[in-house]
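Subject: Structure handover

Hello,

Here is the structure you are taking over. Please open it next to this message and follow along.

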Amino acid sequence: MILQMNHLPRKTSAASAEEVVATLQSLLEEGHLEPEQFANLYVHLDWIQYRNNFREPVTVVPIADEKAGKIPFFEAHVDLRQVAPGGFRAEMLKAMTPTNPGFGRHPAEYEGGIRLEDFGPFRGSIVWRFNHLYWQRLAEWEGSTGHGYEAALPGGRSDANHPQAVADGVADFWTLARDLEMKKQLPPELFVLEIGVGMGTRAGLWLDGFRKLDQERGTNYYARVRFLLGDYSPATLERSKAAVAGHREQCSFVVMDALNPMQTLSFLRHKVLHIHMTNVYDNLPDEEMARRDGRLFLVEARAYLPSCEAERIAREFALPERDLRRCIERLLEEGPGHFGDHARGVEFWRQVWGALRLEERMVCVDDLPAEALPGELDVNRLEEALREAPSDLRFHVNSGAMESFRNTLPLLSTRGYLQVQDIFVTRWSEYRLKFHGPGKLDGSIVNWVNGALLRETAERTGFDVHFAPFRYREGSHTSILFTTQRE
Amino acid sequence: MTLPILPTSVVGSYSMPGWLERLKTEYFARRISRHDLDEIHDNAVKAAIKDQEAAGVDVITDGEMRRDNMMDYFLERLAGVQIDRSSKKFYYDFYNSSVQGKLPMAPVGVAADFRFLKSFTDREAKFCVTGPHALTKRIHNEYYPSEEALATDLARALNLELKELVKAGARIIQIDEPYYSGFPDDLDWSVKVLNTLAEGVDAKIVVHICYGNRYGKPSWEGSYRYLFPRILDAKVHQLTLEFARRGGEDLDLFREFKPPFELGVGVIDVKTQAVETPDMVADRVRKALEFVPAERVTVLPDCGCFHLPRDIAFAKLCAMVEGTRLVRKELGH
C-alpha cells in the first residue's frame, strides 16, 4: 500500500492519520479488502484544499484498467478535516461498499441519491454549466447572498486590483513603449487587452495610472492606447463601463470567449502589446490525469446529489424527489426564474450547488480511444513533459487554460507580453505537496492551473514563460505568469 | 535548364513534420542512432522534393529537413565555433555558441546535401546558406575586436563552402540574412561582408531578407526602406523579400531606387495557416509587376514553410503555382 500524506497547516491530524493506517490494516485482516487490493491501494491523506468542494470525507476512486486482474483496484482520498475522530472506519466502509463488492455501483445509487450525468472527463461535467450560470446571473446570486463575488476570494478582494501591482504593470508598459520609440518601432496604436474584467476596476486603475505617468513624463503615449475589455458575459462588461468612464476614447468592450480570443480578435494578430488576465484560467474547464506505476490514467467525473441532501432539498422546496433532476435541468436551461418565485429559484440554485458532489474513476489512457482524450492532448508530448515529474502523481491538464493560452499568444506583437495572475502549480513536484482543486468559490469553480505543463507547451511554440510570486499581498497563493516571445 | 517567366521557388525550408521533430528529439536523447537519423533525414528530404515537384514549383530546395534550425546547422560545422550542447531543450532551439580564437579557414561540408538533392530531382535546385551577419548575431564573440571582424572571417569560411557548392553543381545559392531587419544600423558593414561571401562564386546569388520567422512569428516590424540605398552596393543577383504578410507598400522602393537586382517577391504568408487562393496570389504578383518587369521577378513564399503543417504548406505552394500561371497566361506565356 502506498500512503501519501499531506499536511494542512494549522490542522492537527496525527491522531486521525494513525487511525487511517490502523483501520486499513484491520479492514484487510477482517476480509473487507483482498490482499492484492491492499497491496495496490493508494491512499492520499488530506486530499482537500478548499473548504467548499465536491468531495465526501472519504472518496474511493475505482481504477478501470483492462490489464488489471478481476479484483477491482481503487484509491482512497481522505479529508481528515471532515472525518470526525473515530469515524474513519465507518466513512471508509461506506465509501468502499459500492466498489467492493459490486464494483462500479454509484454511491448515489447505493444510498438512493441522484446521479446527474454519466462518467466523462471533468471538462464535460454538469458542474461547468452551474459555473456558467453563475457568471451569467452573477447579480442574482449576489443579491441572494448579500455580498459581491470578490468577498469570496481569499483576502476579500481580487489580486487583479492591487494598486501597487497595477502601478508596476503601468510602469512596465510605459518602459516598453519608450523602448519601442527609441528603436523607431512605436506603433501608431498601442493595443492593450484585458480578458475577464470583473467590475472593470483594474482597467480603470491601469488607465488612470498610465495617463498620469504619461503626462508626468511628457510622452504622448496615452492617446495611442486602445484598451480592449474582453469578457464572455455582456452583463459583466456592462458593469465594468462605470470604472473606465473617464477613458471612453481609449476603451472598447468586446464580448469574447476566453478559450479563443483569436476568434474574436483575429484582426489584431501580432498587434497587441500587452494582454492581462487575472483568475481566468482557474475558472476554465479542465481535466485531471494521474500517473500510477508508469501508466497514465484519465480521471473521469460524475456529479451527484447525496441522498440525504437530495431528500433535504426536495423537502425544503416541496418537490417530489424524483423531480429534482428535471428541476435542476430547467434551472440550468432557463435560470432561477422558472420557479415562478425568483428568490426561491435562486435559493434552490444555491442549495443544489452547495450539495453537489463528484464521484470519480480512473481510466487507463491505453484503453481509451484517442478522441476521448481532452482537447488536443498529445499523450507522447505529455509523457515527454512528465519525464521530469515525480513517478506517481495526479495533475491537472487544464485543457481550457491551454486552449486559451494557445489562442491568445498569436495576438501578441513581437515585443508584446502576456501577464496572467492566477493560482499556478509551477513545478510538477508541487503536486506532491497538496491537492489543488477543484473547489467551490461562491457559485463558481476554482481550480489550480498546471503551470509546468503550460510552460512546456509555450516553449515548444517559441515563447518563454516565467513565474513570479505575487508579492503584493502576504500569504497570497497567486503567481504571475509572464510570457514573451523567445529569441 | 530553361525556367519559365515568373519562375516559382521556395525560400528554403519546407514543413517540418511532427514525427521528424520527435525523432530528432529521440536522437538527442540517445534513443536512436546517427545512422538511423541520417536515413530518416534522407527520406524526409525525398518527401519534401516530391511535394514541391507535385505542387509544380520550378526551383526547389531540399526543404532543409536535416537542419534543426537555420543557425545551428552551420555553426556546428564551422571550425573554431564552440557549441554548448547542454544549452537547448528542444531540437529547434538555438545552441549557445562562442568563438574564442581566430576561425580556421575551411569549408563547412554541406555540399553533400546539395548532391543528394540533385540526385533525386530534375528540377532546377537552389541551396540556402545562412549569412554571416545572422550567424554573427548568434555567436558570443570572445576573440574578434568587432562584429564586423567576426562576420568577415565567417564570410571567408563560408565563401569556401559556396565554391564547393558550385563544384557540386549548384547554380543558384541563397544567402539568408533575416537579422538585417532587426539591426539596420549594421548595414554599413554587413553589405561589405556579404560581398566577401559572394566573391568569386560562379552562381546566381540570391539574398533573402525578411522580418524573422522564429516559431512562425515575426521578430521585427518596420519598412524595407532601411535597406536603401546601402543595399545597392551588394554584388548579388536577386533580393527576395516578404510582401504577402506586410502588404506591397515597400515595392515602391524598387521604383524609387531602381536596384540592379532581380526581385524575389513573397506572395505567400507563412505566418498564417489560412491558405491563399490563386487569385490572391495573382493579385500580389500583378502588384509586383507594377514596379519590376516580369523578366526580373521570381515568385516565392514570404519565408520558409518550416512551421506550417504539411498539408497547409503544400496547399499554399499549389496556390502560389496556380496564381503565377494565371499571370503568365495574361502575359501571353
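This is a predicted model: local features need pLDDT of at least 70, side-chain atom pairs count only at pLDDT 80 or more; totals for chains, interfaces and linings use all residues.

Strand S8 of chain A, residues 225-231, runs parallel to S9(A), and 5 bridges join the two. Both strands are part of an open sheet of 7 strands in chain A, whose order is S9-S8-S7-S10-S15-S21-S20 and whose pairing is mixed. At the edges stand strand S9 (251-255) and strand S20 (463-469) of chain A; each has a single partner strand, so one side of each has no neighbour in the sheet. From one strand to the next, the twist averages 15 degrees.

Two helices go with this sheet. Helix H7 of chain A (residues 163-182) packs on the sheet and touches strand S7 (190-195), strand S10 (272-278) and strand S15 (412-422) of chain A. The direction of helix H7 makes about 175 degrees with that of S15(A). Helix H15 of chain A (residues 399-408) lies across S10, S15, S20 and strand S21 (479-485) of chain A. Helix H15 runs at about 155 degrees to S15(A).

Chain B has an open sheet of 3 strands, in the order S2-S3-S5, again with mixed pairing. Its edge strands are strand S2 (81-84) and strand S5 (139-141) of chain B, and each of these pairs on one side only. Neighbouring strands here are turned by 30 degrees against each other on average, direction ignored. S2(B) and strand S3 of chain B (residues 96-99) run antiparallel and are joined by 4 bridges. Within S3(B), B:Ser98 is the residue that stands opposite B:Gln82.

Next, the interface. Chain A gives 19 residues to the contact and chain B gives 21 residues. Between them the chains bury about 1900 Å², with 37% of it on carbon and sulfur atoms. Across the interface of chain A and chain B there are 4 salt bridges. A salt bridge joins the side chains of A:Glu384 and B:Arg22, at 3.9 Å from N to O. Between chain A and chain B, 5 residue pairs are in polar contact, both residues being at pLDDT 80 or more. On the side of chain A that touches chain B, the elements that give two or more residues are helix H14 (379-385) and helix H16 (451-460) of chain A. Sorted by class, that side of chain A has 11 charged, 7 polar and 1 nonpolar residues.

The peptide bond that joins B:Phe228 and B:Pro229 is cis, with omega at about 5 degrees. B:Pro229 is in the loop between strand S7 (204-209) and strand S8 (238-242) of chain B. B:Leu6 has phi near 55 degrees, a positive value in a residue other than glycine. B:Leu6 is in the segment before helix H1 (18-28) of chain B.

Regards

Methods:
Residues are numbered from 1 along each chain as its sequence is written. Chains are lettered from A and ligands numbered from 1 in the order in which they are written. Side-chain values use heavy atoms; hydrogens and water are left out. Contact means heavy atoms within 4.5 Å. Buried area is the accessible area (1.4 Å probe) that two parts lose on being put together, summed over both. A polar contact is a pair of N or O atoms within 3.5 Å; within protein, one must be able to donate a hydrogen and the other to accept it, and residues adjacent in sequence count only if both atoms are side-chain atoms. Ala, Val, Leu, Ile, Met, Phe, Trp, Tyr, Cys and Pro count as nonpolar, Asp, Glu, Lys and Arg as charged, and the others, Gly among them, as polar. Two strands pair if DSSP finds at least two bridges between them. Axes are lines fitted to C-alpha atoms, for helices over the stretch in contact, and angles run from 0 to 180 degrees between N-to-C directions.
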